[in-house]
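Here is a short briefing for a first look. Please view the sequence and the model below, then read on.

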Amino acid sequence: MIISFMFFSAPILFAVADALLPTALLSASLSAPSDTPFPDPAPAFSFLQTLNSQLTHYDFRYSLIDIPIISIIRSAIILCVYGLCDGPGLSRGPYLGITTVCSVVSLLIVSIKASYVFGGSSGGFTAAEVALFVCSLLLAVGHILVAYRTSCRERRKLLVYKIDIEAVSTFKNGFPRYSKILQDERVKVKLQN
């Protein structure tokens with residue numbers, strides 16, 4: 001039951017994970033462990049100071065604050081489109097297209113940023129920073145895969161629904177073709193006699 005729930009709510013769960021995971025990785029990369037034996041009494045306050053410093057002294061080549069912002073914006077757009085689309089919109093409509101466009105644009109931005117961050121510095125990056133970039137790239141590709149699977153699932157639903165509608169509409173008309181076949185059989189029987 002849990003697997004079924006996760007399968008059918010995959011776009012929502014994936015968008016939430018996309019918003020939270022890069023933010024948590026940025027938090028881990030910004031809060032570097034200190035060498036002092038006494039812990040910081042206000043780690044949340046120091047994180048907010050570091051975040052504020054990142055925002056005020058933003059530089060595309062060095063600052064990492066824009067990666068979680070890109071992920072949050074991407075997730076918000078995808079969730080809005082997913083919420084506004086119905087069956088046909090999810091199957092062939094704007095959901096797959098907008099998700100693909102948002103993911104490709106964010107892939108390009110993060111790839112360009114990675115080339116600046118890792119190409120310009122001489123090995124001064126942490127594992128959390130590398131994980132932040134890799135996570136953002138994988139989540140962008142994952143959005144496309146989840147949107148494609150959702151689109152395929154909705155197309156199958158519409159196909160089954162369409163077949164059922166045809167069956168119901170045929171039944172409501174009283175099987176008009178059946179009466180014609182019966183009438184043709186009666187004429188054949190009369191001709192044979």
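Ile 2 is exposed, because its relative accessible area is 63%, and the cut-off for exposed is over 50%. This residue sits in helix H1. The model is a predicted one. The notes below start with the whole chain and then turn to single places.

**Whole chain**
- The chain has eight helices and zero strands.
- Along the sequence, the pattern reads α-α-α-α-α-α-α-α.
- The chain holds 193 residues, and 27% of them count as buried.
- Take the contacts between residues at least 6 apart in sequence: 77% of these join residues at least 24 apart.
- The accessible surface of the chain is about 13000 Å². Carbon and sulfur atoms account for 70% of that surface.

**A nonpolar patch**
- Which residues make the nonpolar surface patch of about 440 Å²? They are Ile 2, Phe 5, Met 6 and Leu 13.
- Helix H1, residues 2-8, gives the largest share of this patch, with three residues.
- Ile 2 belongs to the patch, and its place is in H1.

**Salt bridges**
- The count comes to three salt bridges.
- One of them joins the side chains of Arg 74 and Asp 18, at 2.8 Å from N to O. This pair links distant parts of the chain. Arg 74 is in helix H4 (residues 66-84), Asp 18 is in helix H2 (residues 10-30), and 56 residues separate the two.
- Are Arg 74 and Asp 18 buried or exposed? Both are buried.
- Lys 113 forms a salt bridge with Asp 66, with the closest N and O atoms 3.4 Å apart. This pair also links distant parts of the chain. Lys 113 lies in helix H6 (residues 94-120), Asp 66 lies in helix H4, and they are 47 residues apart.
- Both Lys 113 and Asp 66 are buried.
- Glu 154 and Arg 153 meet through their side chains in a salt bridge, at 3.8 Å from N to O.
- Why does Glu 154 count as buried? Its relative accessibility is 9%, and buried means under 20%.
- Arg 153 is buried too, because its relative accessible area is 7%.

**Helix H4**
- Buried residues in H4 include Asp 66, Ile 67, Pro 68, Ile 70 and Ser 71. Arg 74, Ser 75, Ile 78, Val 81 and Tyr 82 of H4 are buried as well.
- Among these, Asp 66 takes part in the salt bridge with Lys 113, and Arg 74 in the one with Asp 18.

**Around Ser 136**
- Ser 136 lies in helix H7, residues 127-172.
- Ser 136 counts as buried because its relative accessibility is 1%, and the cut-off is under 20%.
- Which residues does Ser 136 touch, not counting those up to four places away in sequence? They are Ile 67, Ser 71, Arg 74 and Val 110.
- Ile 67, Ser 71 and Arg 74 are among the buried residues of H4.
- Ser 136 and Ser 111 are 25 residues apart in sequence. In space, their C-alpha atoms are 9.7 Å apart.

Methods: Residues are numbered from 1 along each chain as its sequence is written. This is a predicted model: local features need pLDDT of at least 70, side-chain atom pairs count only at pLDDT 80 or more; totals for chains, interfaces and linings use all residues. Side-chain values use heavy atoms; hydrogens and water are left out. Helices (H or I, at least four residues) and strands (E, at least two) are DSSP runs, numbered from the N terminus. Buried means under 20% relative accessible area, exposed over 50%, partly exposed in between (1.4 Å probe, protein chains only). Contact means heavy atoms within 4.5 Å. Accessible areas come from the Shrake-Rupley method with a 1.4 Å probe; for residues, only the protein chains shown count as cover. A salt bridge is a side-chain nitrogen of Lys or Arg within 4 Å of a carboxyl oxygen of Asp or Glu. Patches are made of residues with over 30% relative accessible area and no salt bridge: like charges are joined within 9 Å, nonpolar side chains (Val, Leu, Ile, Met, Phe, Trp, Tyr) within 5 Å.
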